[in-house]
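The following questions and answers concern one protein model. Please keep the sequence and the coordinates at hand while reading.

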Amino acid sequence: MAEMGSKGVTAGKIASNVQKKLTRAQEKVLQKLGKADETKDEQFEQCVQNFNKQLNEGTRLQKDLRTYLASVKAMHEASKKLNECLQEVYEPDWPGRDEANKIAENNDLLWMDYHQKLVDQALLTMDTYLGQFPDIKSRIAKRGRKLVDYDSARHHYESLQTAKKKDEAKIAKAEEELIKAQKVFEEMNVDLQEELPSLWNSRVGFYVNTFQSIAGLEENFHKEMSKLNQNLSDVLVSLEKQHGSNTFTVKAQPSDNTPAKENKSPSPPPDGSPAATPEIRVNHEPEPASAATPGAALPKSPSQSSLPAVVVETFPAAVNGTVEGGSGAARSDLPPGFMFKVQAQHDYTATDTDELQLKAGDVVLVIPFQNPEEQDEGWLMGVKESDWNQHKELEKCRGVFPENFTERVQ
């Protein structure tokens, strides 16, 4: 019996909820058709517009901050690799080797500390700030439903009062339902009327604190990094002094107006038009040693037989990215609008459903945005080559990704 009673209560509650939905739907239809008036609150509607604007701005800031953090991590990795290269080429008997290694360790620690402080003082604060929006958004939606319930109860009560045949029992019950609906709506309405303006005003202090924290952390980071760079420079100056006779001198490259001392392969026409001449490769083969006696004068104008042998290999000229004389067939294996290929240099963890998840080494086929206005600076649209080869469906595979995590390969 207890089980049946429980089922009865559950069934009754379900039926009540279904009836509420039907009543709300009917009320909304009447309001849209102009057959029923709708309670309006322009001040509250402005608060809701501000709330949505604040939520969109905060979401964008969170996304850009995550991109910034990912870039810091990528730069840390690049700096670490560069220092590892220096440690490998720095020979054991050179002065300052221990100092250079210590500087590299401190460089690594400084990057890690900077990234962690950005997470603690900016990203986590950002997450906490945005964490309050889902609940308020849900309550705004619930207030809207309760407002429809209130208007429906009000119209029902008014219709019973103006009916030709009045049923006092029905009128009393309708009035009771109206008072109940009004109380529920007003309780929610009052709370939101207080919270929404307060939340809107809080954005100023939040933005100030967030960007002040980022600016302060970045300033301190660059100060400390500057000291390490100066220390490394001092170590390298000391190395240069002890090996001064072997100093490498950087020579300026000849400009286009300076005659070159050596033969150079043909350059493309200055107007950027396709080269009309075939590609030429020159292989110089050494001439057999001369049998001339020591001290013999060399001829001022060497004959053709004394010049190195030249082997010329010709190849078809490339015109507009295709090879003349080839098949010229279109690349049907590439997605529509394909522009070029890039390869991921670092892992990238997607933070939204419209982003690509990348692993270092992944090749991405870059395509244009369907709506160019949706493209954010520093982001590209594309599809991973492996996904395209497998599915050939852009709708399932395409997504955006940060350009600075990749390098163009074609």
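Helices (H or I, at least four residues) and strands (E, at least two) are taken as DSSP runs and numbered from the N terminus. The model is a predicted one.

Q: Is Lys392 buried, partly exposed or exposed?
A: The phi angle of Lys392 is near 60°, a positive value in a residue other than glycine. Buried means under 20% relative accessible area and exposed over 50%. Because its relative accessibility is 41%, Lys392 counts as partly exposed.

Q: Which strands stand at the edges of the open five-stranded sheet?
A: The strand order is β8-β7-β6-β5-β9, with antiparallel pairing. β8 (399-402) and β9 (406-408) each have a single partner strand, so one side of each is left without a neighbour in the sheet. The twist from one strand to the next averages 50°. The edge strands are β8 and β9.

Q: Which residue of β7 is the bridge partner of Ile367?
A: Strand β6 spans residues 363-367 and strand β7 spans residues 379-384. The two run antiparallel and are joined by four bridges. In β7, the partner of Ile367 is Met381.

Q: How many residues of strand β5 are buried?
A: β5 takes in residues 340-344. This strand pairs in the antiparallel sense with β6 over four bridges, and Phe340 stands opposite Val366 in β6. Strand β5 is mostly covered, and its buried residues number four of five.

Q: Which residue of β9 is the bridge partner of Ala344?
A: β5 and β9 pair in the antiparallel sense. Three bridges make up this pairing. The partner of Ala344 in β9 is Thr406.

Q: Which helix gives the most to the lining of the second largest pocket?
A: The second largest pocket has a volume of about 460 Å³. Its lining receives at least two residues each from α2 (42-89) and α3 (97-131). With nine residues, the helix that gives the most is α2.

Q: How many charged residues are in the lining of the second largest pocket?
A: The second largest pocket is lined by 21 residues, and those nearest its centre are Ala70, Lys73, Asp347, Thr349 and Phe405. By class, eight lining residues are nonpolar and seven are polar. The charged residues number six.

Note on methods: Residues are numbered from 1 along each chain as its sequence is written. This is a predicted model: local features need pLDDT of at least 70, side-chain atom pairs count only at pLDDT 80 or more; totals for chains, interfaces and linings use all residues. Side-chain values use heavy atoms; hydrogens and water are left out. Buried means under 20% relative accessible area, exposed over 50%, partly exposed in between (1.4 Å probe, protein chains only). Two strands pair if DSSP finds at least two bridges between them. Axes are lines fitted to C-alpha atoms, for helices over the stretch in contact, and angles run from 0 to 180 degrees between N-to-C directions. On a 1 Å grid over the protein atoms alone, a cavity is a set of points where a 1.4 Å probe fits but cannot get out, and a pocket is an open set with protein on both sides within 12 Å along at least five of seven lines; lining residues have an atom within 4 Å of a point. Grid points are joined across faces, edges and corners, and a volume is the space filled by probe spheres set on the points. Ala, Val, Leu, Ile, Met, Phe, Trp, Tyr, Cys and Pro count as nonpolar, Asp, Glu, Lys and Arg as charged, and the others, Gly among them, as polar.
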